Every structure is written in structure tokens, then in C-alpha cells.
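Here is my note on this model, point by point. Please read it with the structure open.

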Amino acid sequence: MTVPQTIALVDLSCIFKKNFHANPPNGGAKTLAELVAIRETVAHTILCLDSKPYARREKIYAAYKANRPPMTDEEKYQRRWLHEELKKGGWQTARVEFEEADDVIASLARIYELWGAEVQLVGA
């Protein structure tokens with residue numbers, strides 16, 4: 001098996017939230033542009049996704065994300081639009097049931113590191 005030289009592991013929700021809150025009307029488009037720029041600099045880009053419920057973290061800390069306001073309709077719309085565009089573009093994704101993207105990133109980073117790949121961690 002050939003190991004890619006460089007792999008970018010991206011926390012998609014983190015990048016989207018940053019871009020959406022910085023510029024709500026264009027958060028999805030800004031995120032897509034940022035991902036395209038990242039993809040041009042590495043051999044592989046893997047978008048890591050959260051998978052609710054966050055049972056493991058909520059078990060440790062019951063109030064985990066309890067104070068986070070719900071997503072607005074605009075945020076939901078842009079998030080849905082972004083996911084559709086990424087699907088059309090054939091982007092690779094990684095998700096593990098009940099885990100958050102940063103946990104997926106940590107696991108994949110360790111595996112790819114053991115294979116000898118250079119790993120870039122991408123978040124806000």
C-alpha cells in the first residue's frame with residue numbers, strides 16, 4: 001500500500017462555524033473556498049464530522065454544550081448547502097458514531113503518522 005505524502009484532517013464543523021459567524025451570509029461559500037485551498041496543498045483531504053449524540057462526553061460532563069444556542073435557520077440552510085456541495089464534489093469524509101470530529105482527527109492522525117504520512121490538522 002502506498003501512503004500519501006501529506007494528509008489534511010479537517011474539522012469541518014469547526015471551520016464552518018468560524019466562517020459562518022464571521023460572515024453569516026457567506027459562511028458556507030467561504031468554507032468551501034477554504035477547503036478547496038487546503039486540498040490544493042496536500043495529497044489527501046479528509047473532512048472529519050461530528051456524530052451526535054455526544055454520549056461519551058455528556059457522560060463525563062452532563063452540561064456538555066448545554067449553553068450552546070440552537071442553530072438559526074440560515075445556519076442550517078448554509079450547512080445543508082455546504083454538505084450537498086461537498087457530496088457533489090466527491091470529498092472524503094470520516095465520521096464515527098457518538099464521537100466528535102476532533103476525536104476522529106486524533107485517531108486518524110495517529111494511524112497515518114504510524115504509516116509515515118505527514119499529517120496536517122485543520123481547525124479554526
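1. R110 and E113 sit 3 residues apart in helix α5, so about one helical turn separates them. They form a salt bridge, with the closest N and O atoms 2.8 Å apart. R110 is partly exposed at 48% relative accessibility. E113 is also partly exposed, at 47%. Keep in mind that this is a predicted model.

2. A second pair belongs to helix α4. E85 and K88 both lie there, 3 residues apart, about one turn of the helix. Their salt bridge brings the closest N and O atoms to 3.0 Å. E85 counts as partly exposed, at 24% relative accessibility. K88 counts as exposed, at 65%.

3. Which residue forms a salt bridge with E34? The partner is K18, and the closest N and O atoms are 3.1 Å apart. E34 lies in helix α2 and K18 in helix α1, so this pair ties together parts that are 16 residues apart in sequence. E34 has a relative accessible area of 18% and is buried, because the cut-off for that class is under 20%. K18 is partly exposed, with 34%. The salt bridge count for the model comes to 4. As background, side chains of opposite charge can pair when their charged atoms come close.

4. Now helix α1 itself, residues 12-22. Its buried residues are L12, S13, I15, F16, N19 and F20. They cover an arc of only 160° around the axis, which puts them on the same side of α1. The face turned away from that buried side carries H21 and A22, both exposed.

5. What do the buried residues of α1 pack against? Two helices are on the list: α2 (27-39) and α4 (73-88). The strands are β1 (6-11), β2 (44-48) and β4 (118-122).

6. The largest nonpolar core has 16 residues. V10, L35 and L86 have the most contacts inside it. At least two of its residues come from each of β1, α1, α2 and α4. The largest share is that of α1, with 4 residues. Apart from this core lies another, of 12 residues, including I7, A94, I105 and Y112.

7. L35 deserves a look in the viewer. Neighbours within four places in sequence aside, L35 is in contact with V10, L12, L47, L86 and W91.

8. Is T45 buried or exposed? T45 is in strand β2. At 6% relative accessibility, T45 counts as buried. Leaving out neighbours within four places in sequence, its contacts are A8, V10, I38, R39, W91 and Q92.

9. Last, the surface. I111, L114 and W115 form a nonpolar patch there. Together they have about 320 Å² of accessible area. L114 lies in helix α5, residues 101-114. L114 is exposed, with a relative accessible area of 58%. Helix α5 also holds the R110 and E113 pair from the opening point.

Definitions and conventions: Residues are numbered from 1 along each chain as its sequence is written. This is a predicted model: local features need pLDDT of at least 70, side-chain atom pairs count only at pLDDT 80 or more; totals for chains, interfaces and linings use all residues. Side-chain values use heavy atoms; hydrogens and water are left out. Buried means under 20% relative accessible area, exposed over 50%, partly exposed in between (1.4 Å probe, protein chains only). The arc is that of the directions from the helix axis to the C-beta atoms. Contact means heavy atoms within 4.5 Å. Patches are made of residues with over 30% relative accessible area and no salt bridge: like charges are joined within 9 Å, nonpolar side chains (Val, Leu, Ile, Met, Phe, Trp, Tyr) within 5 Å. Accessible areas come from the Shrake-Rupley method with a 1.4 Å probe; for residues, only the protein chains shown count as cover. A salt bridge is a side-chain nitrogen of Lys or Arg within 4 Å of a carboxyl oxygen of Asp or Glu. A nonpolar core is a set of buried Ala, Val, Leu, Ile, Met, Phe, Trp, Tyr and Cys residues joined through side-chain atoms within 4.5 Å.
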